[in-house]
Amino acid sequence: MSTEEEAPEPEQPAGGEESSEADLFGVWDVSEISYADPSTKRYITVTPIAHTMGRHASKQFKKSQVSIVERLTNRLMKTGRNAGKKQQALKIVREAFELVHERTEENPVQVLVTAVENAAPREETVRLKYGGISVPKAVDVAPQRRVDQALKFIADGAHADSFKTSTSAAEALANQLVRAADYDVQVYAISQKEEKERVAAAAR
């Protein structure tokens, strides 16, 4: 076999085809994930690879091919004290998935996908200037931005619930995922989505 045949295909999604039959964290099957929202399906990639070592960072929009689990992990590192702590964030996600499975008896990857679909806002507002006056205008949200916003809401909600409280980060994240998947309007992720859409509806 030649060297060219052994080399991986450079344009393959992060994770590669060889790992397609593996399980996430060695436990969770990702081969039969269902999607309820066709608009965001293209941007919610599910692979068994939880850490791609930044292989997507060199190309614009390559993040859409990265597993939604890794993108959630990266979101958990956004606060200053957690910046760069990828292994710690992965541990939090892994423990949260175990708690989600205990509570729901479902595949936690499926719960995550459903939570992201539910927390993704469909409308938001932009500011338009007319003669020095700022006027809010409702606009549709692009599918990729919808997924980004949903991950932000889930991560921010987990941080808010666990910061300076007795609730662990994994427990707070699991709570956000389960309640967002059930479309509980009291949970942070869904409440933020509803607020954005409410403001946009008033600015139509």
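1. A residue is called buried here if its relative accessible area is under 20%, exposed if over 50%, and partly exposed in between. The model is a predicted one. By that cut-off, Ala170, Ala172, Leu173, Ala174, Gln176, Leu177, Val178, Ala180 and Ala181 are the buried residues of helix H7.

2. Overall layout. The protein contains 8 helices and 2 strands, and from the N terminus their order is α-α-α-α-α-β-β-α-α-α. Of its 204 residues, 41% are buried. The accessible surface amounts to about 11600 Å², and carbon and sulfur atoms account for 48% of that area. Counting contacts between residues at least 6 apart in sequence, 62% join residues at least 24 apart.

3. Helix H7. This helix covers residues 169-181, and its 13 residues reach 18 Å from the first C-alpha to the last, close to the 18 Å expected at 1.5 Å a residue. Its buried residues pack against five helices: H3 (68-76), H4 (86-104), H5 (108-119), H6 (143-162) and H8 (188-202). Just after H7, Tyr183 has a positive phi of about 55°.

4. Helix H5. How many of the 12 residues of H5 are buried? The count is 11 of the 12, so H5 is largely enclosed by the rest of the structure. The buried set consists of Pro108, Val109, Gln110, Val111, Leu112, Val113, Ala115, Val116, Glu117, Asn118 and Ala119. The partners against which the buried residues of H5 pack are H2, H3, H4, H6, H7 and H8. The end C-alpha atoms of H5 are 16 Å apart, which agrees with the 16 Å that 12 residues should span at 1.5 Å a residue.

5. Aromatic pair. The count of aromatic pairs comes to 1. The partners are Phe25 and Phe97, edge-to-face, with 6.2 Å centre to centre and 65° between the planes. Phe25 lies in the loop between helix H1 (3-6) and helix H2 (38-41), whereas Phe97 belongs to helix H4, so the pair ties together parts that are 72 residues apart in sequence. Phe97 has a relative accessible area of 0% and is therefore buried.

6. His101. Helix H4 also holds His101. With a relative accessible area of 28%, His101 is partly exposed, because the value falls between the 20% and 50% limits. Leaving aside residues up to four places away in sequence, His101 touches Trp28, Glu106 and Pro108. His101 and Val178 are 77 residues apart in sequence, yet their C-alpha atoms are 9.5 Å apart in space. Val178 is one of the buried residues of H7.

7. Surface patch. Which residues form the nonpolar patch on the surface? They are Val126, Leu128, Tyr130, Ile133 and Val135, and together they have about 420 Å² of accessible area. Strand S1 (123-130) and strand S2 (133-140) are the elements that give two or more residues to the patch. The most comes from S1, with 3 residues. Val126, found in strand S1, is partly exposed at a relative accessible area of 31%.

Methods:
Residues are numbered from 1 along each chain as its sequence is written. This is a predicted model: local features need pLDDT of at least 70, side-chain atom pairs count only at pLDDT 80 or more; totals for chains, interfaces and linings use all residues. Side-chain values use heavy atoms; hydrogens and water are left out. Patches are made of residues with over 30% relative accessible area and no salt bridge: like charges are joined within 9 Å, nonpolar side chains (Val, Leu, Ile, Met, Phe, Trp, Tyr) within 5 Å. Accessible areas come from the Shrake-Rupley method with a 1.4 Å probe; for residues, only the protein chains shown count as cover. A salt bridge is a side-chain nitrogen of Lys or Arg within 4 Å of a carboxyl oxygen of Asp or Glu. Helices (H or I, at least four residues) and strands (E, at least two) are DSSP runs, numbered from the N terminus. Buried means under 20% relative accessible area, exposed over 50%, partly exposed in between (1.4 Å probe, protein chains only). The expected span of a helix is 1.5 Å times one less than its number of residues. Contact means heavy atoms within 4.5 Å. Rings of Phe, Tyr and Trp (its six-membered ring) pair if their centres lie within 6.5 Å; planes under 30 degrees apart count as stacked, over 60 as edge-to-face and the rest as tilted.
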